[in-house]
Amino acid sequence: MSLSTAGPSGRATRGESDLFGHPRGLTFLFATEMWERFSYYGMRALLVLYMVKYLLLPGHAENVIGLGALRHVLESMFGPLGAQPFSSHIYGLYTGLVYLTPIFGGILADRVLGQHRTILLGAALMAIGHFMMAFEPLFLFALTVLILGNGAFKPNMSAQVGGLYAPGDPRRDRAYSIFYVGINVGAFLAPLVCGTLGEELGWHYGFTAAGVGMTIALAIYLYALPGLPPDELHKAMDSGREKQPLDRSERLGILALLALFVPTTLFWATYEQQGNTIALWADDYTDRTINLIVWAGQIPVTWFQAFNPFMIFAFTPFILALWKRQEETGREPSTVMKMAFGCFGVAAAYLILAAAAFSAGGGKASWLWLTAYFVVLTIGELYLSPVGLSLVTKVAPARAVSMMMGVWLATSFTGNFIGGYLGSFWSSMAKDSFFMMIAAIAALAGLVILAFVRPLKPMLRES
């Protein structure tokens with residue numbers, strides 16, 4: 001335990017009442033985000049399987065309010081859709097829109113409500129939305145409420161982590177890696193709890209468990225709120241900075257983030273297949289039999305979605321140690337270079353599955369192939385995702401940090417939308433060809449980021 005005090009801006013400086021070398025607020029933000037991600041990934045682990053195996057089948061689809069109209073709109077754009085392609089488009093729209101609305105949630109926080117009240121609004125909406133998922137006719141309304149709630153919650157929670165630290169504080173990058181572990185602890189537990197309840201007891205039990213997780217997140221944040229620093233809107237109003245125009249340095253920082261938008265979008269389009277087509281690969285094309293001598297059985301499909309978050313918090317200490325060693329020897333890659341490596345890692349992961357599909361020859365591949373895929377995918381993710389979050393809080397103007405965090409998270413909107421479209425080819429393509437296509441797109445994203453390394457270096461003002 002070390003000491004810190006709050007500076008005049010409300011950010012922590014080393015002095016008094018830190019926990020394990022970081023402000024105590026990080027612990028509460030970690031826990032809030034962990035339970036929010038538990039709810040999100042718990043529902044997501046069931047979403048495609050729920051639609052393909054239950055909701056979109058005759059006798060059930062007719063009960064969902066507005067589903068026929070949505071099918072008509074999508075079929076007017078993409079032609080006739082069976083249950084799997086239709087579910088893939090719905091999945092892509094949902095996972096995409098939860099990362100578009102943060103732009104508006106960021107603007108709402110920066111200009112109207114402030115981060116604290118916007119987070120509370122978002123958390124309450126998401127808790128309501130998860131409980132609504134337990135009612136079949138309200139399926140599309142529930143997704144809409146979840147989308148709006150996530151938009152209010154996500155950018156402001158991520159931005160608040162950076163707000164705990166003074167400018168130039170070297171702990172900020174490590175804080176985002178710690179925060180990212182919290183995200184993935186929740187994502188690891190979610191398929192095990194919600195997925196098992198949904199598959200074994202009934203879909204609605206899994207969705208209800210996700211609602212309980214979100215309610216816990218709301219309670220933790222309410223408890224922590226009095227001890228968190230003032231949000232950026234109130235600090236800007238107190239200093240009179242909220243109406244001042246951006247200076248040249250701030251404008252260059254925003255342009256640098258926007259330049260990385262397209263390749264980061266392609267990264268998420270390929271990465272997010274794990275909740276869509278990878279779930280179908282695990283269900284239909286993976287031999288999930290496991291024999292541990294003392295126990296033999298089959299790995300549940302939803303459990304595979306716990307592999308990635310488990311590996312996140314297992315691998316993070318080793319990745320951080322590697323970066324620290326590289327920093328000491330002067331060989332640590334720049335932020336942009338790390339992001340390029342992340343894209344190449346995802347490309348390599350899909351090449352592993354292409355090899356698995358080719359070797360299986362139309363049969364079922366061993367679950368070990370899928371494990372190898374998650375190992376390489378996770379390393380790629382660690383080189384891009386938490387690095388990007390930290391980059392936004394370092395480069396974006398403080399009085400627009402929530403909005404820019406929303407813009408950065410919107411790369412997942414476009415990525416998930418494209419990912420849903422790519423997933424619609426799953427049923428019509430050979431599986432090795434499908435995985436080769438995804439790998440090529442991820443590699444292209446890495447090459448585009450590499451092309452930006454030199455031009456963006458002075459714009460990013462990296463320390």
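Which residue forms a salt bridge with R44, and how far apart are the closest N and O atoms?

A: First, some ground rules. This is a predicted model, where local features need pLDDT of at least 70, side-chain atom pairs count only at pLDDT 80 or more, and totals for chains, interfaces and linings use all residues. Residues are numbered from 1 along each chain as its sequence is written, and side-chain values use heavy atoms, leaving out hydrogens and water.

R44 pairs with E272, and their closest N and O atoms are 2.5 Å apart. A salt bridge here is a side-chain nitrogen of Lys or Arg within 4 Å of a carboxyl oxygen of Asp or Glu. The two partners are 228 residues apart: R44 sits in helix α1 (residues 24-55), E272 in the loop between α11 (261-271) and α12 (277-284). Helices are DSSP runs of H or I, at least four residues, numbered from the N terminus. Both R44 and E272 are buried. Buried means under 20% relative accessible area, exposed over 50%, and partly exposed in between, with a 1.4 Å probe and protein chains only.

K53 forms another salt bridge, with D283, at 3.5 Å between the closest N and O atoms. K53 lies in helix α1 and D283 in helix α12, so this pair ties together parts 230 residues apart in sequence. K53 is partly exposed, at 42% relative accessibility. D283 is buried, at 14%.

E36 and R37 also meet through their side chains, in a salt bridge of 2.7 Å, N to O. E36 is buried at 0% relative accessible area, and R37 is buried at 1%. The whole structure holds five salt bridges.

Methods:
Helices (H or I, at least four residues) and strands (E, at least two) are DSSP runs, numbered from the N terminus.
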